[in-house]
Amino acid sequence: MQARFVHESGQYAELETGSTTLAFATNDLAKSNLPQGFVENSLSQPPAGIEVGFVTADVPSAFAQAIEAGAVTVAEPKVKPWGQTVAYVRDLDGILVELCSPLGVE
């Protein structure tokens with residue numbers, strides 16, 4: 001994926017995904033936007049009950065690239081009974097990320 005926008009402060013960025021914007025904000029920016037607070041993600045805690053999913057034709061390669069970039073292994077690539085290859089990592093903030101092949105494609 002390509003960066004669409006990265007603010008000079010490093011506190012906000014967007015990825016080019018086609019018709020949907022995938023945006024990221026730092027905890028400090030979130031604190032300024034959410035005065036009633038929020039639960040911060042952390043690798044020292046279990047992941048939140050939400051994930052960001054990316055569909056790719058080559059899950060093992062995407063998984064290896066994520067690990068090389070600093071992601072933490074949750075579940076290595078595995079072909080599911082329905083034929084989809086799925087892997088899970090957590091990013092440096094502890095966000096759960098699914099890497100998967102298109103449905104019905106190994």
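1. Contacts of Phe63. In this predicted model, Phe63 is in contact with Thr73, Ala75, Glu76, Pro77, Ala87, Tyr88, Val89 and Leu99, once its neighbours within four places in sequence are left aside. Phe63 also belongs to the largest nonpolar core, and Phe63 is one of the buried residues of α2.

2. The nonpolar core. The largest core of this kind has nine residues. Its members are Val59, Ala62, Phe63, Ala66, Ala71, Ala87, Val89, Val97 and Leu99. At least two residues of this core come from each of α2 (59–68), β6 and β7. The largest share is that of α2, which supplies four residues.

3. The buried face of α2. Which residues of α2 are buried? They are Val59, Ala62, Phe63 and Ala66. Seen down the helix axis, these buried residues fall within an arc of 100°, so they line one face of α2. They pack against β5, β6 and β7. On the face turned away from this buried side, α2 carries the exposed residues Gln65 and Glu68.

4. The ends of α2. The N-terminal end of α2 is capped by Asp58. A side-chain oxygen of Asp58 lies 3.1 Å from the backbone nitrogen of Ser61.

5. The four-stranded sheet. The strands against which the buried residues of α2 pack are β5, β6 and β7. Together with β4 they form an open sheet of four strands, in the order β4-β7-β6-β5 and with mixed pairing. At its edges are β4 (51–55) and β5 (72–79), each of which pairs on one side only. From one strand to the next, the twist averages 15°.

6. The pairing of β6 and β7. In general, the strands of a sheet pair through backbone hydrogen bonds, either parallel or antiparallel. How do β6 and β7 run, parallel or antiparallel? Strand β6 (residues 85–90) and strand β7 (residues 96–100) run antiparallel, and five bridges join them. Within this pairing, Tyr88 stands opposite Glu98 in β7. Tyr88 is also among the residues in contact with Phe63.

7. Gln84 in its loop. Where does Gln84 lie? Gln84 is placed in the loop between β5 and β6. Its relative accessibility is 9%, and because buried means under 20%, Gln84 counts as buried. The side chain of Gln84 reaches the backbone oxygen of Ser101 at 2.8 Å. A further polar contact, of 3.0 Å, joins the side chains of Gln84 and Trp82. As for Ile67, 17 residues from Gln84 along the chain, the C-alpha atoms of the two residues are separated by 20 Å.

8. The three-stranded sheet. A further open sheet has three strands in the order β1-β2-β3, with antiparallel pairing. Its edge strands are β1 (2–6) and β3 (21–25), and each of these pairs on one side only. In this sheet the twist averages 25° from one strand to the next. Strand β2 (residues 12–16) is joined to β3 by five bridges, and the two run antiparallel. Leu15 has Leu22 as its bridge partner in β3.

9. The chain as a whole. How many helices and strands does the protein chain have? There are two helices and seven strands. From the N terminus on, these elements run β-β-β-α-β-α-β-β-β. Along its principal axes, the C-alpha trace spans about 45 × 30 × 25 Å. Of the 106 residues of the protein chain, 23% count as buried. Among the contacts in the chain with a separation of 6 or more, 33% are accounted for by residues 24 or more positions apart.

Technical notes:
Residues are numbered from 1 along each chain as its sequence is written. This is a predicted model: local features need pLDDT of at least 70, side-chain atom pairs count only at pLDDT 80 or more; totals for chains, interfaces and linings use all residues. Side-chain values use heavy atoms; hydrogens and water are left out. Two strands pair if DSSP finds at least two bridges between them. Axes are lines fitted to C-alpha atoms, for helices over the stretch in contact, and angles run from 0 to 180 degrees between N-to-C directions. Buried means under 20% relative accessible area, exposed over 50%, partly exposed in between (1.4 Å probe, protein chains only). A polar contact is a pair of N or O atoms within 3.5 Å; within protein, one must be able to donate a hydrogen and the other to accept it, and residues adjacent in sequence count only if both atoms are side-chain atoms. A nonpolar core is a set of buried Ala, Val, Leu, Ile, Met, Phe, Trp, Tyr and Cys residues joined through side-chain atoms within 4.5 Å. Contact means heavy atoms within 4.5 Å. The arc is that of the directions from the helix axis to the C-beta atoms.
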